[in-house]
Amino acid sequence: MRISDLPIVRYNEESDYIVLDNPGKSTTKRISCSDFRFSVFSNYQFTHNQIVRGASLGNEFRQDHKDAIRSGSFQDLWLGDYWLYNNVRWMIVDFNYFRGTEEGVKNHIVIMPDRSLSATFATKAEDPLKNYCDSLMYDAASKLKPQFAALFGDEYIMGHKDVLANTYNGSPTYPYTSDDILVRGGIYSTIPDEIMMFGARLMAPVQAGRNAAGHITGKQFSYYRQGMGIPNPHQIFWLRDKCWYNYFTCWADYRLTNRIWNTTAGLRPFVCISGDAN
């Protein structure tokens, strides 16, 4: 029977196979259609920030994972793929997000948990001059690094450079006149902002004079740019943008909103994982 004699189909089923033949090798192989749709793009680095798979990678950060990250091929790693550890899905939300923010940034993946790892008030006291760098959120998020290290190893957590709001100048009548920022390197575990999650400033003001409207990359995490929803959306968790005199942005009631400083909300930090031990 010739191939042209076979029935024509307009779609494939997950259980179907594609035959692979390499003239330089003696064996003919097969690959499932469900795997083929990822493998055909796997050797092209930039497609990994475009395709969501959402597959389990097990409960161990293996050598093949490290090799794929170190080389920048990201072989068999895709957006939404996750490691299941301590009942948390540690999800890949971006590849090489911080490349270009400074010299010598290694190939890396960005990992976020699918749920809050702890909870806290936003700031230490009702002081409108407090901003993210002088907040309970910042302190508590930085202390969550060991939870990532338990799975990935402390030596594979890569510090990154970021722009963080430092102080705030305003009043209840004129909520934003100006604020200052810190461009800080060596950040390991911190919570995301509106741009990383939603691609734009939505609750936080962006008027002239507000330095904190700047951003280190100006990019949304690729997992969310593909239209994926918030995991466990019933949880309330902080984002790091200050949006009013004593309010910060957060996810609550299944939407982006804000809460006053003394609200207890969760923290979903992110870290960068490289394939080289630091």
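This is a predicted model: local features need pLDDT of at least 70, side-chain atom pairs count only at pLDDT 80 or more; totals for chains, interfaces and linings use all residues.
User: Which element gives the most residues to the largest nonpolar core?
Analyst: A nonpolar core is a set of buried Ala, Val, Leu, Ile, Met, Phe, Trp, Tyr and Cys residues joined through side-chain atoms within 4.5 Å, where buried means under 20% relative accessible area, exposed over 50% and partly exposed in between (1.4 Å probe, protein chains only). The largest core has 64 residues, and those touching the most other members are Trp83, Ile109, Ile111, Phe221, Trp238 and Ile273. Helices (H or I, at least four residues) and strands (E, at least two) are DSSP runs, numbered from the N terminus. The element that gives the most to this core, with six residues, is β4.

User: Are the residues of strand β5 (residues 108–113) buried or exposed?
Analyst: In a regular strand the side chains alternate between the two faces of the sheet. In β5, His108, Val110 and Met112 point one way, and Ile109, Ile111 and Pro113 point the other way. The strand is largely enclosed by the rest of the structure, because six of its six residues are buried.

User: Which strands stand at the edges of the open sheet?
Analyst: Strands of a sheet pair through backbone hydrogen bonds, either parallel or antiparallel, and here two strands count as paired if DSSP finds at least two bridges between them. The open sheet has five strands in the order β3-β4-β5-β14-β7, with antiparallel pairing. Two of them have a single partner strand each, so one side of each is left without a neighbour in the sheet, and these edge strands are β3 and β7 (157–158).

User: Which residue in β5 stands opposite methionine 91?
Analyst: Strand β4 (residues 88–95) pairs with β5 in the antiparallel sense over five bridges. Within β5, proline 113 is the bridge partner of tryptophan 90, and the residue opposite methionine 91 is methionine 112.

User: Which residue in β14 stands opposite isoleucine 109?
Analyst: β5 also pairs with strand β14 (residues 271–274), in the antiparallel sense and over four bridges. Across this pairing, the residue in β14 that faces isoleucine 109 is isoleucine 273.

User: Which residues are linked in a network of salt bridges?
Analyst: Lysine 124 forms a salt bridge with aspartate 134, the closest N and O atoms being 3.2 Å apart, and another with aspartate 139, at 3.6 Å. The second pair joins the loop between β6 and α3, which holds lysine 124, to helix α3, which holds aspartate 139, 15 residues apart. Lysine 124 counts as partly exposed at 44% relative accessibility, as does aspartate 139 at 27%. The residues linked in the network are Lys124, Lys130, Asp134 and Asp139.

User: How many disulfides does a search of the whole structure find?
Analyst: A disulfide is a pair of cysteine sulfur atoms within 2.5 Å. The sulfur of cysteine 243 has its closest cysteine sulfur in cysteine 250, 8.1 Å away, which is too far for a bond. Cysteine 243 is buried at 6% relative accessibility, and cysteine 250 is buried at 0%. Over the whole structure, the number of disulfides found is zero.

Key:
Residues are numbered from 1 along each chain as its sequence is written. Side-chain values use heavy atoms; hydrogens and water are left out. A salt bridge is a side-chain nitrogen of Lys or Arg within 4 Å of a carboxyl oxygen of Asp or Glu.
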